[in-house]
Amino acid sequence: MTDQSNGKTEGMPPLARLLSGIDKPRNVARLFYLLLAVCVALGLADLFYSKHGYFAVEEFPAIYGLFGFVVYAAVIFLAKGLRLIIKRPEDYYEPFAIDTEDERAAGSAPEATGGKPNA
């Protein structure tokens, strides 16, 4: 469609044109620091209003951000542990696959018909 390596963006949709430079290393670093600044600003803004939480823990500053981070990290580690339990070998379904290279595993025997396809 377009040659992005030369910086040409004609013919691209508007959103693609807007986001086409995000993957450059300089812009990735800028985006990281922008998101970091937004997180810090929101954490600091949490200090300047009164909260009326139902539980005492809700009164701590930035508790929802910290809770979200801890739960997100816990989900990642639990998923890694669950993967060890339910992981299957790469060729687990191979004997039953219909797209396997060996036709006999798919249920047909070409040598039984003299090499001719089943009609």
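I began with α3, which is hardly covered: among its 24 residues, the count of buried ones is 1. For me, buried means under 20% relative accessible area, exposed over 50% and partly exposed in between, using a 1.4 Å probe on protein chains only. I was working with a predicted model, where local features need pLDDT of at least 70, side-chain atom pairs count only at pLDDT 80 or more, and totals for chains, interfaces and linings use all residues. Residues are numbered from 1 along each chain as its sequence is written, and side-chain values use heavy atoms, with hydrogens and water left out.

I checked the reach of α3 next: from first C-alpha to last it covers 34 Å, close to the 34 Å expected at 1.5 Å a residue. That expected span is 1.5 Å times one less than the number of residues.

I found 3 helices and 0 strands, in the order α-α-α along the sequence. These are DSSP runs numbered from the N terminus: H or I of at least four residues for helices, E of at least two for strands. Buried residues come to 5% of the 119 in the protein chain. Of the contacts (heavy atoms within 4.5 Å) with a separation of 6 or more, 0% join residues 24 or more positions apart.

How many salt bridges does the whole structure hold? My search returned 1, with a side-chain nitrogen of Lys or Arg within 4 Å of a carboxyl oxygen of Asp or Glu as the criterion. Asp 46 and Lys 51 form this bridge through their side chains, at 3.8 Å from N to O. Asp 46 is buried at 10% relative accessibility, and Lys 51 is buried too, at 18%.

I placed Asp 46 in the loop between α2 and α3. Leaving out residues up to four places away in sequence, Asp 46 touches Lys 51, Phe 60, Pro 61, Ala 62 and Ile 63.

The largest pocket has a volume of about 230 Å³. Its lining includes Val 38, Leu 42, Asp 46, Tyr 49, Ala 62 and Tyr 64. Both α2 (25–45) and α3 (63–86) supply at least two lining residues each. By class, I noted 8 nonpolar, 2 polar and 1 charged (nonpolar is Ala, Val, Leu, Ile, Met, Phe, Trp, Tyr, Cys and Pro; charged is Asp, Glu, Lys and Arg; the others, Gly among them, are polar). On a 1 Å grid over the protein atoms alone, a pocket is an open set of points where a 1.4 Å probe fits, with protein on both sides within 12 Å along at least five of seven lines, and lining residues have an atom within 4 Å of a point. Points join across faces, edges and corners, and the volume is the space filled by probe spheres set on them.
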